[in-house]
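Biologist: I have a model on my screen and would like to know where its labels come from. Could you walk me through them?

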Amino acid sequence: MRPTQALRGSGHPEPLTGHYLGGWGTFGGAKQKGIVYYGISANRQNAFAGAGHDAIFNVFRRTKNQIFFWLPPLVAGYYIIQWANERNEYLNSKAGRAEAVDEE
């Protein structure tokens, strides 16, 4: 029983095929062509470049696009709560209690 290529892998060509299959993660196949990877070191990046400008204009754009979804329920909820508080104060006042007694 012969060991697998991974166990034999020492950077030398495989004796049966005469080809080096590569290290871990790069087994076999030809080199890829036409694929370019660009990168920049983390300490060379400006993480907050344009953050203030983008924050202002993105907030404006997103608010403009979403305002009709959240403003009407917000206004309706405010007026319903305001009416409920006024009604509660009235029903717990002298006149409100007198009205409630007359209805019973």
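Biologist: What makes up the fold of the protein?

Modeller: Reading along the sequence gives the pattern α-α-α, with three helices and zero strands in the protein.

Biologist: How do you know which helix has the highest mean pLDDT and which the lowest?

Modeller: Among the elements of the protein, α2 has the highest mean pLDDT, 94, while helix α1 (residues 5-8) has the lowest, 52. Across the protein the average is 80, and 67% of the residues score at least 70. Where pLDDT is low, the predicted coordinates should not be read in detail.

Biologist: Let's go to Trp 70, then. Why is Trp 70 called partly exposed?

Modeller: Trp 70, which lies in helix α2 (residues 51-91), has a relative accessibility of 41%. Buried would need under 20% and exposed over 50%, so at 41% Trp 70 counts as partly exposed.

Biologist: And what makes Tyr 90 partly exposed?

Modeller: The reasoning uses the cut-offs of 20% and 50% again. Tyr 90 has a relative accessible area of 32%, so Tyr 90 is partly exposed. Tyr 90 is also found in helix α2; leaving out residues up to four places away in sequence, Tyr 90 touches Ala 95, Gly 96 and Glu 99.

Biologist: Which residues form the nonpolar patch on the surface?

Modeller: They are Trp 70, Leu 71, Leu 74, Val 75, Tyr 78 and Tyr 79, and together they have about 630 Å² of accessible area. A patch takes residues with over 30% relative accessible area, and Trp 70 at 41% passes that cut-off.

Biologist: How many of the residues are buried, as a percentage?

Modeller: Buried residues make up 3% of the 104 residues. The accessible surface comes to about 10,000 Å², and 61% of that belongs to carbon and sulfur atoms.

Biologist: Where does the "transmembrane region" label sit?

Modeller: That label comes from an unreviewed UniProt entry and covers residues 67-84. In the model this span is 100% helix and 0% strand, and its end C-alpha atoms lie 25 Å apart.

Key:
Residues numbered from 1 in each chain as written. Predicted model: local features only at pLDDT ≥ 70, side-chain atom pairs only at ≥ 80, totals over all residues. Heavy atoms only, no water. Helix = DSSP H or I, 4+ residues; strand = E, 2+ residues; numbered from the N terminus. Buried < 20%, exposed > 50% of the residue type's maximum accessible area, 1.4 Å probe, protein only. Areas by Shrake-Rupley, 256 points an atom, 1.4 Å probe, with all protein chains shown as cover. Patch = residues over 30% accessible without salt bridge, like charges linked within 9 Å, V, L, I, M, F, W, Y side chains within 5 Å. Salt bridge = Lys/Arg side-chain N within 4 Å of Asp/Glu carboxyl O. Contact = heavy atoms within 4.5 Å. UniProt positions renumbered as here; feature names shortened; annotations may be inferred. pLDDT = per-residue confidence, 0-100.
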